[in-house]
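Biologist: Please take a close look at one part of this model for me, the place where the chains touch. I would like the surroundings described too, as a connected story.

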Amino acid sequence: MPTWPTDRLRRLPGSAKPSPDGPLVLLGRDGRRRVVMAADAHAQALGIRPGMAATQAHALVPDLPALAADPAEDTAALHRLAQWAQKHYSPIVAADPPDGLLIDATGATHLAGGPQAMLAGLVDRLTATGIQARAAMAATIGAAHALARSKANPILVACDPGALVDLPIAALRLPGGIVAGLHRLGFEYIGALEATPRAPLALRFGQEPGRRLDQAFGRRAEPITPVTTPDTPQIHRVFAEPIAAAETLALCTAELTAALCAVLDSKCLGARRLDLLFHRVDAGIAAIRIGTAKPARDAKHLARLLCAQLESIDPGFGIEAMTLSAPIAEPLTFQPATSRLGEAPVADIAGLIDTLANRVGTAGLYRLTPVESDIPERAMYKIAPLAPPTLLRWPPNWPRPPRLLAPPEPVETMALLPDNPPVQFTWRGIRRRIRRADGPERLYGEWHRHEAERDAVRDYFQVEDETGQRFWLFRAGDGTHPETGSHRWFLHGLFG
Amino acid sequence: MSDARSPTALQALRARIAALEAHGQAPRGVLPFGVAALDASLPEGGLLRGALHEVAGGGQGMLDASCATLFAAGILARCPGQVLWCLTKADLFAPALAQAGLDPDRVIYVEAADDKAVMACFEEGLRHGGLGGVVAEVARLSMIASRRLQLAAERTGTLGIAVRRWRRPADAVDFGQPTAAVTRWRISALPSAPLPVPGVGRARWLVELIRNRAGECADFMMEACDETGHLGVFANLAHGSLAPPAGQRQAVA
């Protein structure tokens, strides 16, 4: 987040907020000089850079709006942002002062629909609230840090560590003095520094350049200490001896879940999301995150959801502590069972939905409900499996096939224009002679969605061949006017 | 069957066998088709709930299973409760299921990555017990897998239907392999009856009961599911008269 301090101030509520457009700079002290600590995009466009003397900035832009910088409050706000990100993206999130967030996305991207989608969603959400952001995903913290600040525009998913070699050495998280010294020696890029022998470097600059290089290329571990939210229901357990066996882990998971459910019970809460963190002896942290469709505090059910993912955990040399927390918890109180006289109560399938959602992902679990559109491809949309009944129905009288080909497949036909069904057609190399046909059912393009559909027409026919197979064919165009379509024939569905 | 002499003894024997087989499982209901000939050929007088059934298409239907899908939808339409539909390839068109009587508010779809995940979801659904029925579109169904599913269905009384569907016609020889399913059906399209006006009439199916535990196999020519999920009895309009009394079995070569 290149302009975090100014973006943060603009998001303040009330009259203290600076004006939304126009430049803004934050002034602070560097020794005895007054310098620009942060400048927003408008100010940077006017030539003001962080680190510039305050008097120079005022000389460049007369009556420049300037506020006092408050680095402590910036860092505190960054921690609050990290807590928000922890709730929504991944169990392991840390603030990376002065202007970044670190997110360990291992095993957390599937809930957001993949790495690309997760980064795009994160950047979109931040931009929508007025925070400029760039995001990069890489194998190590060092690489992600460097790429997010230099190459990401605005997102980047880098799989190979070679992406680092042509970045400037300033991206390596080195102190300013060392960077200046390396520049003086002629080192511009990380690749050049990586290829140099270590001993002379260490002699001149100490261990720091070697350590940062090793961290960026994954030769040295760099654990993240995740942020914690104080009011999150949480259970932490430290073991006398490191544990590693799968059965022991499952047993401890069940114990932790039972303890957490007791805490939730005392607060009348139910968990919507659970994070289980495994602290390894080598200071690494592995995590499991599960979600539930409805608030739940059934210890057995939650433990089963967690244990289903235990196999993805690598215990390494052993696990010395485990933390179970419920970052999203919602009120769960007793509800009267609604039952009609003489009828069996409706079974609760929320537990099953949770199990399946944690197996196939929430995107793969849905109900389909009608949309008011004649175009078959748009006739439905997905809703949550436990959404209340929509009571919407498709119009019952038009024949619709149980299998729809997406996209429709072109077929070779022989048909009389303008409105006769084909006499025969060839699909996937097999010629079929049509015995019976019904149609046309004319569907018009939806001009209110796309300009290109303004004149488009499809004429649908239900046809039956000699063996009784039924097909749903359509002709693009009305058979008379060329602007309504290409007059080619397509197979769109298979009837049963 | 020669049960004319001592029907009561035979019934008592059947009841004893059923009690032995049940050994403490959920009581299993029966879902009749409402077609006399079909119900008569099934030993319980209808499709057994709390059991696994297999349905596949014939001919082109081996690949798209469109008739088999509608057949399964028609069965589930007549069966109360939520329905879980597990699939790998999302080419199912929901309005057609609604036209077979299956209310869209009742169907929950699970789109899994591969056959293995589909089988896991299928078993999970059967094991839960709160659903009316579970359908899975699978290609391979081994004896061991089907046995697991059958046991899960027996325990909870949930109706399980495996819609068999293959990617290549050559793979469909797999359908000859034995499984633990209680019944096995093959549904193929038949030419519909010519109408007096141009158009396409109600679809007709050749419904083959290929495997039937404790019963005989049979073939039926039926009219496809109506909007309530009921199969129709063949009315032979071609000759201007109705076919012989409802549900007459017809031999098909």
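Modeller: Happy to. Two residues are in contact here if their C-beta atoms, placed from the backbone, lie within 7 Å. Please keep in mind that this is a predicted model. With that cut-off, 54% of the contacts in chain A between residues at least 6 apart in sequence join residues at least 24 apart.

Chain A holds 13 helices and 19 strands, and 35% of its 496 residues count as buried. Its radius of gyration is 31 Å, whereas a compact globule of 496 residues would have one near 23 Å. Along the principal axes, the C-alpha atoms of chain A fill a box of roughly 90 × 60 × 55 Å.

Now to the part you asked about. Chain A brings 44 residues to the contact and chain B brings 43. On the side of chain A that touches chain B, at least two residues each come from α13 (350–360), β12 (365–370), β14 (403–415), β16 (430–444), β17 (457–465) and β19 (489–494) of chain A. The largest share of that side, six residues, is supplied by β12(A). By residue class, the side of chain A that touches chain B has 23 nonpolar, 10 polar and 11 charged residues.

Let us stay with β12(A). This strand pairs with β5 (residues 107–111) of chain B in the antiparallel sense, over two bridges. In this region A:Tyr366 stands opposite B:Tyr109 of β5(B). β12(A) also pairs with β13(A), again in the antiparallel sense, here over four bridges. One residue to look at is A:Leu368, whose bridge partner in β13(A) is A:Lys382.

What about the nonpolar packing? The largest nonpolar core has 103 residues, among which B:Phe71, B:Ala72, B:Cys86 and B:Val135 touch the most other members. Helix α4 (residues 66–77) of chain B gives the most to this core, nine residues. Leaving aside residues up to four places away in sequence, B:Ala72 touches B:Val55, B:Val135, B:Ile161 and B:Val163. A second, separate core of 68 residues includes A:Ile92, A:Ala112, A:Met118 and A:Met137.

Finally, a helix of chain A for comparison. Helix α6 (residues 141–150) of chain A is largely enclosed by the rest of the structure, because eight of its 10 residues are buried. Those buried residues are A:Ile141, A:Gly142, A:Ala143, A:Ala144, A:His145, A:Ala146, A:Leu147 and A:Ala148. They pack against β4 (92–96), β5 (100–104), β6 (135–137), β7 (155–157) and α10 (208–217) of chain A.

Key: Residues numbered from 1 in each chain as written. Chains lettered and ligands numbered in written order. Predicted model: local features only at pLDDT ≥ 70, side-chain atom pairs only at ≥ 80, totals over all residues. Nonpolar A, V, L, I, M, F, W, Y, C, P; charged D, E, K, R; others polar. Pairing = 2+ DSSP bridges. Rg over C-alpha atoms; globule rule 2.2 N^0.38 Å. Buried ≥ 20, exposed ≤ 12 C-beta atoms within 10 Å, placed from the backbone. Core = buried A, V, L, I, M, F, W, Y, C linked by C-beta atoms within 7 Å.
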